[in-house]
Protein chains: 2
Amino acid sequence: MLPFDIHILGCGAALPTPRRLSSAQVVNIRQKLFLLDCAEGAQMALRRTHLNLSRLQAILLTHLHGDHAFGLIGLLSTLGLLGRNQELHIYGPKDLQRIFQPQIDYFCADSPYPIILHEIETKTPQTIYEDRSLSITTIPLHHRIPCQGYLLREKPTLPHIRREAIDYYQIPISQINNIKAGMDWVTPDGETIPNQRLTTPSDPVRSYAYCTDTSYFPDIIPHIQGVTCLYHEATFAQEHALLAKQTHHSTAAQAAQIARDAGVQKLIIGHFSSRYKTEAPLLEEAQQFFPNTILAQDGMTIQL
Amino acid sequence: MLPFDIHILGCGAALPTPRRLSSAQVVNIRQKLFLLDCAEGAQMALRRTHLNLSRLQAILLTHLHGDHAFGLIGLLSTLGLLGRNQELHIYGPKDLQRIFQPQIDYFCADSPYPIILHEIETKTPQTIYEDRSLSITTIPLHHRIPCQGYLLREKPTLPHIRREAIDYYQIPISQINNIKAGMDWVTPDGETIPNQRLTTPSDPVRSYAYCTDTSYFPDIIPHIQGVTCLYHEATFAQEHALLAKQTHHSTAAQAAQIARDAGVQKLIIGHFSSRYKTEAPLLEEAQQFFPNTILAQDGMTIQL
């Protein structure tokens, strides 16, 4: 299968530590790269992945808190120094232009590639990207400032041709697309070969929902129903539930309840407060509600 | 002796790499910390030093190229989250306020401590900081945009009292300061004890000059004459002297010639172009002109 890989560049909360950057991930979907949030240090972590940076299509910011955006200007500058010429699209909530355009104008004045900022209305889901095989839609979240998650979803693919059946029935190449599209085959003798004997099922559609930062917000459930993988912030443990509520963040238990109620296949929790020396209790707490939970970790890759 | 330590946080040029951050150093002078430049990632490197961040007095930016300043807003934000309440002074060339004040206003709106930006005229040396034991003066440099180095210099201290001589002559405590200041002592018998029998010489005055980014610029020599330690950029090897000239940077040989002609005690070269996989040839080149040269390295501490 073509890759659909999530590379965690940073999964800490507001305070980066020597052990953990703040929020940044890069998703490699069929060799197209999408950067989700861009904390300080993201460009260095990105280069450690050895992914081909020229394949970066877009940068998707959830919101304009520094721990999700302080690495943006450095990355944009570096891409210019590396000779990028393909345009780069950056998505984020309102104020994106007001805050970043002056920095770009000053520090990337000689940029050899166009940088295009898109401000997205965060109250309703918006499809911000679409190509033959993929769509990206925003997920309204509930935080102290306008904030949105992102749903990256493959489009359904056609079934696979069974090579040996095609050979056996001597079906001409010109008919392959019709058969992929579901047609039966009628032999020169008039025998009808049903489509399912000529094909194997298409690959399952993979999808990834990135939901940070947000308080416990069940409104997101319809948008993330059944996704292959959900990243949900779990800044706090349940013992700090009040603090989570006050700061518009989630606990590990709440993240897991969202995962369970949305019937997702796998949950990654992250955006851990630096107060926790180990995240084991957060994992344990989440797994009580949703066993297939893992802890994010800087440098980790998850293959869907 | 009280510390006068230089901690190299980053010594790469424009392109940070997984091995090397761009420019940032922290100088610990008698437990007061001064940050010289603030590349992206400086705050993480700073925390790895385990220095007490509350002792940070000022941030001294040489110029407003991103590889010297992209870490500023992240550090300011983190200091706020860590609960700093003491005011912090930031020095840099013109445009400092225009570029950074809007970022500070937006991202550090709840900052619990005052952040004060000072724009410094870069054409003539300016004394920007002075206390009982230390002064900091700018050094005009020659780069593509307004740029200044910094000279951090201890003030001369008084001689040390020779405890055993004081005891022997039974000199009262009330006279100690007079003797430190150079007075002889007259015993009750009328014998004059010359001051040099009562004291040992004061500590040598230590000084550190930080000169980056700059083309070969002998005008700086009078300002850095005889310093204990000079950090001078050496972006390129002599084989790229033309490129150095075009980009207003220096070669290792040029840095060493400046060190030699200024009669400094020790030279650290840094700001290495990412094109060099090893800096050994840069060191070799510099040592032909100035043997007491060392290569900067991220994480290195130099004690003066």
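Through which surface do the copies meet, the same one or different ones?

1. **Before you start.** This is a predicted model, in which local features need pLDDT of at least 70 and side-chain atom pairs count only at pLDDT 80 or more, while totals for chains, interfaces and linings use all residues. Residues are numbered from 1 along each chain as its sequence is written, and chains are lettered from A and ligands numbered from 1 in the order in which they are written.

2. **The opening question.** The copies meet through the same surface, because 100% of the interface residues of chain B are also interface residues in chain A. In total, 23 residues of chain B are in contact with 23 residues of chain A (contact means that C-beta atoms, placed from the backbone, lie within 7 Å).

3. At least two residues each come from α1 (42–48), α2 (72–81) and α3 (96–107) of chain B. The largest share, 5 residues, belongs to α2(B). Helices here are DSSP runs of H or I with at least four residues, and strands are runs of E with at least two, numbered from the N terminus. By type, this side of chain B has 12 nonpolar, 8 polar and 3 charged residues (Ala, Val, Leu, Ile, Met, Phe, Trp, Tyr, Cys and Pro count as nonpolar, Asp, Glu, Lys and Arg as charged, and the others, Gly among them, as polar).

4. **How the copies are related.** Chain B superposes on chain A by a rotation of 180° with 0.0 Å of shift along the axis, at an RMSD of 0.1 Å. The two copies are thus related as by a two-fold rotation axis. The superposition is by least squares on C-alpha atoms of residues with pLDDT of at least 70 in both copies. Look for B:G41: of the residues of chain B, its C-alpha comes closest to the rotation axis, at 2.7 Å.

5. **A sheet to trace.** In chain B, 7 strands form an open, mixed sheet in the order β6-β5-β4-β3-β2-β1-β18; strands pair if DSSP finds at least two bridges between them. β6 (115–119) and β18 (301–303) of chain B each have a single partner strand, so one side of each is left without a neighbour in the sheet. Strand β5 (residues 88–92) of chain B runs parallel to β6(B), joined by 5 bridges, and B:I90 has B:L117 as its bridge partner in β6(B).

6. **One glycine.** B:G149 sits in strand β9 (residues 148–154) of chain B. B:G149 counts as buried because it has 29 C-beta neighbours inside 10 Å (buried means 20 or more, exposed 12 or fewer, and partly exposed in between, with C-beta atoms placed from the backbone).

Notes:
Contact = placed C-beta atoms within 7 Å.
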